[in-house]
Number of protein chains: 2
Amino acid sequence: MAANGEHQGVVKPPPTPSPLRFSKFFQSNMRILVTGGAGFIGSHLVDKLMENEKNEVIVVDNFFTGSKDNLRKWIGHPRFELIRHDVTEPLLVEVDQIYHLACPASPIFYKYNPVKTIKTNVMGTLNMLGLAKRVGARILLTSTSEVYGDPLEHPQKEEYWGNVNPIGVRSCYDEGKRVAETLMFDYHRQHGIEIRIARIFNTYGPRMNIDDGRVVSNFIAQALRGEALTVQAPGTQTRSFCYVSDMVNGLIRLMEGDNTGPINLGNPGEFTMTELAETVKGLINPSVTIKMVENTPDDPRQRKPDITKANEVLGWEPKIKLRDGLPLMGEDFRLRLGVPKTA
Amino acid sequence: MAANGEHQGVVKPPPTPSPLRFSKFFQSNMRILVTGGAGFIGSHLVDKLMENEKNEVIVVDNFFTGSKDNLRKWIGHPRFELIRHDVTEPLLVEVDQIYHLACPASPIFYKYNPVKTIKTNVMGTLNMLGLAKRVGARILLTSTSEVYGDPLEHPQKEEYWGNVNPIGVRSCYDEGKRVAETLMFDYHRQHGIEIRIARIFNTYGPRMNIDDGRVVSNFIAQALRGEALTVQAPGTQTRSFCYVSDMVNGLIRLMEGDNTGPINLGNPGEFTMTELAETVKGLINPSVTIKMVENTPDDPRQRKPDITKANEVLGWEPKIKLRDGLPLMGEDFRLRLGVPKTA
C-alpha cells in the first residue's frame, strides 16, 4: 500500500467512476433515447436505428407536432418504447446515447407559443444534458441553420457567428437554438459531457406535416390539391433541400464519430423558390399555376450549407437529388391526402 | 338584467380585471422591485428611487456578486425591504414596477458557472415576466452591449443584430442576455406585458467590485496598490465608460417613458485601453508603470454606443466626464482598500 504517495499520508480521493455504459457493462444492447422521435426527422432516425438489432430505442415526444402514426410499425416491438413526455420536465431513464431533436421546427408551430418554444430549447436541453451527465451518455443536439439567421456570408461555414434578430417573431427559435448550443458547450467544458451538435439545413421527405407551412410541403400539398403554388416574394430567395435519409445518415455518423461539432448537415444544391415551384409543378401536377404572395418578417434571403467539414470529418455527403426525392414525398402526401393516382 | 345580451342566454365571461396598480388602487406608495439591487448599479438605482418619498423599494439579491454593504443606509428603513432570493426560483410579491438587473455582469463571475449564468438570464427573466404578468407590473430588463458581441458596425445602433459567438466561453452571458430580450418581447407580444429594455454599456463608479476583473476597477485598484496597470494586448481596443449616476437616470427615464426599447444607455466618449491606463495613472498614482498582457478569447475590439435614440426618446445623455468620475471612484476604492490618503 505504498504506491501513489499513500505512505506519505496523502489521502487519495476515491477514483472517479467512469460513466457506466450499459451496453459495455452488461454486454447488453445499446440503449438510445430519441427526443422528438415521433416527428418527421425523428421517426426516420428511429427506423434507421431499429434496423440494427443491437439497438434498443426509447422515444420521448409530447406530440405537439409529432405523431404516433410515424412510429406505427414499431409500437409493441420488444426493442422499442414510446413515452409521452414533455422535455421541459426532467426525465430519468438509463441510456447510452441521446439524440435530442425535440422542438417544433416549422415557423407556424414554433411561433404558436414562442415562450414555450424557448422553454423547450432551454429547459429541454438543460434536462437532457442533466440526464447525459447523470448516466454518462453521449448527447447529440439537432441545432439548425437558423442560428445563422439572415446570413451575410454565403455559403455558411460552421465558424460563421450568424446575423440573428434577437427581438423578432422568429427569435424564439433562432435564439433558443443558439442558447441550446451554448448550454451544450458549457456542459462539455464544465462537466466533460460528450456532446455532438448538428446544424440541420432544410430537410424534406415523407411524413412531413402536410400543413406546417414549409415551402416543400406547401408546394406538394398545393399541387396535389390542384391549388396555385404560393411563392413568397420575391421568389429569388434560395434554400437548399436535403432528403431525410441523407440527413439521418449524417446524424448517426456524427453521433458515432469523434467530433463535437457544430457540423452543418444539409444539401448544398441551391434552388430559388421559383425554381422549386416549377420543379414541383413539373413532377407532381403540371396543371397548377404559380402565384406570388407577401413574405413573412425576417425571412432569410439565402441559405446554403458549406458541408466541407461534414465531408472531411464524417465522410458524409448527401446522395439523393431533389428530382429523385420529391416524387417519394409526393407519393406519401398523395396517400395521406387521399388524392387518387392519376395516370 | 337584460343588458349586454344576457337576456338572449349568452353567458358573458367575467370582465378581465385590468392590472391592479397598487399605487392607484390604494392611493398608496409606488412599490418597486429591484432584482440584483445589492449590486453595483442596482444599489445606486435604489438610492435614487428611495429619494422619492412616494416610493417603496423591495430588493431581491442572492449576494453572489452583490453586497449588503451597498445598501447599508437603507436597512431598517420603513420604505425599504431586502429579500435574499435567487431569481431562478419564482417570487410572489405585489409590486407596480420591476427593475430586473439580476445577473453577474463581470466575465470573471459570469464565467465562473456558465450554466448558472444562463439559468439566471433565462429562468430569472421568465420568473420576473411571470410576476409582471400576474400583478400587472411594468418590467425593465437591463440587457447589455454584449448582445452586439464583437460588432462589425460602429457605433452600435439598436437596430444592429450583433456578431456573437454562440459556443464561446463568453456565450453564457451574451446569448443568455439575447434570449432574455427575446423572452421580454415574446411576453410583450403574447401577453401584452409592459416591457422596457436597456442595453447597458460599460458603467463605472463607486461600489464596483474591486477584484471583478473589469478594466476600470482593475486599473484603479492596481494604481492604489502601487502595482503596474495591466493593459490587455494590443491596447488599441476601445471602450466607452458611463458614470453610474448617469446610467441610473437613464434607467429611470426609460421605465417612466413610453418606449419599450431596446435603447442603448452608455457614454459615447471612446477611449483606448492604453488611454484609460494613462488617465488612471495620471489621476490616481503617477508613479505606477503600464504593462501589456495577453488578451482573453472573444474580447471585442471596439464598442461604442450610438445614443441618438436615448437622446430623442428619453431626452437623456450622460453628463459626467471620465476625468470627473474616475476620482470619485478612486476615493471609494481608496477607502475600501484602506490605502492612506497621500498629499
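## The interface between the chains

Chain B and chain A together bury about 3100 Å², with 66% of that on carbon and sulfur atoms; buried area here is the accessible area (1.4 Å probe) that two parts lose on being put together, summed over both. The model is predicted, so local features need pLDDT of at least 70 and side-chain atom pairs pLDDT 80 or more, while totals for chains, interfaces and linings use all residues. Residues are numbered from 1 along each chain as its sequence is written, chains are lettered from A in the order in which they are written, and side-chain values use heavy atoms, leaving out hydrogens and water.

## How the copies are related

## What touches what

In contact (heavy atoms within 4.5 Å) are 35 residues of chain B and 35 residues of chain A. The copies meet through the same surface, because 100% of the interface residues of chain B are also interface residues in chain A.

Two salt bridges cross the interface, each a side-chain nitrogen of Lys or Arg within 4 Å of a carboxyl oxygen of Asp or Glu. Arg178(B) pairs with Glu175(A) in a salt bridge, their closest N and O atoms 2.6 Å apart.
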